[in-house]
Amino acid sequence: MKKTYWLALWWWAARGFAHIWVIKYIEEQKIKIDEISWTSMGAIIASLYAIGKSSEEIRNIAKNINYLKLIDLDFKEWLLKWNKVLKYLETLFLDIKIEDLPISLKIVATNVENWNKKVFKKGKLVNAIRASISLPWVFKPHIIWKHSYMDWWIVNNLPIEVLDSKNVIAVSALKKVNKDLQRTKKFLWMNFNVWFINLNFQILQRSIILMMKQNEDRSIIDSKKNIILVEPDYGDLDFFHFKKIDDFIKVWYKKIKKCNS
């Protein structure tokens, strides 16, 4: 008899696509998922799974998104409004409510006013998703009942603690920090120093990754649950490689099979 598992997912932009092949493996193994928690990109993938979409259907949806058409700039307060994203989500999820889904969902976001965790367990699904995917400093927070919400990764990018079960499949999307900073680039036969903005970006990205890794470790230790942690090495695949969806999901599919072998 197979165990029933609870699933914890999180984002990192394009890397969230890898959750699709985690779902594919779950389908193949007929693993029963009774509850899902997630934040950010994991929210979209998990919601599609919860409304009955197969891994292949989710993959087709992700591959056919025109990301440039979803950009709506707003330099007054935030870089992006993301109103177009909300409208697109409404075409996928309509007026579905979280409490009406066959799988129990817990969507996690941050209340900007008090920086407390908000776990959405009922209400309109698109509102909860939109609240959870508001990346700090970039996307405009989503307002629900006069409260502003942003992505929960600020505090905890792997929300294991909100799940009720002891058996959890936790899916991380962190990039491995195992290489030296790239200080030069080769062009033809010559090496050139990288632009200072590029170098500072590398440092900032690594700082955020290390912070989130500490969050993950703390979440795993504090949860006191039976956890299968899936954390593959992406190599050169990064969070902005939206066109390489199949490369992401192949890496993850191979990794989760190894974790359960």
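This is a predicted model: local features need pLDDT of at least 70, side-chain atom pairs count only at pLDDT 80 or more; totals for chains, interfaces and linings use all residues.
## Packing of H1 and H3

Two packed helices are described by the angle between their axes and the distance between the axes. For helix H1 (residues 19-29) and helix H3 (residues 55-63), the axes come within 9 Å and cross at roughly 165°. Angles over 145 degrees count as roughly antiparallel, and H1 and H3 are therefore roughly antiparallel to each other. Their crossing is left-handed.

On the H1 side, the contact is made by Ile20, Trp21, Ile23, Lys24 and Glu27. These residues meet Ser55, Glu56, Ile58, Arg59 and Ala62 of H3. By class, the contact of H1 with H3 has five nonpolar residues, four charged and one polar.

## The largest nonpolar core

In soluble globular proteins, nonpolar side chains tend to be buried together. Here the largest nonpolar core contains 46 residues. Within this core, Leu105, Ile107, Phe120 and Ile129 have the most contacts.

Both helices of the pair above, H1 and H3, each supply at least two residues of this core. H2 gives the most, with seven residues.

## Surroundings of Ile129

Neighbours within four places in sequence are left aside here. Beyond them, Ile129 is in contact with Ala43, Ile44, Ser47, Leu89, Phe93 and Ile107.

## A second core

A separate nonpolar core has five residues, among them Ile160, Leu163, Val168 and Ala170.

How values were computed
Residues are numbered from 1 along each chain as its sequence is written. Side-chain values use heavy atoms; hydrogens and water are left out. Axes are lines fitted to C-alpha atoms, for helices over the stretch in contact, and angles run from 0 to 180 degrees between N-to-C directions. Helices (H or I, at least four residues) and strands (E, at least two) are DSSP runs, numbered from the N terminus. Angles under 35 degrees count as roughly parallel, over 145 as roughly antiparallel, 65 to 115 as roughly perpendicular and the rest as oblique. A crossing is left-handed if the near helix is turned anticlockwise from the far one by less than a right angle, and right-handed if clockwise. Contact means heavy atoms within 4.5 Å. Ala, Val, Leu, Ile, Met, Phe, Trp, Tyr, Cys and Pro count as nonpolar, Asp, Glu, Lys and Arg as charged, and the others, Gly among them, as polar. A nonpolar core is a set of buried Ala, Val, Leu, Ile, Met, Phe, Trp, Tyr and Cys residues joined through side-chain atoms within 4.5 Å. Buried means under 20% relative accessible area, exposed over 50%, partly exposed in between (1.4 Å probe, protein chains only).
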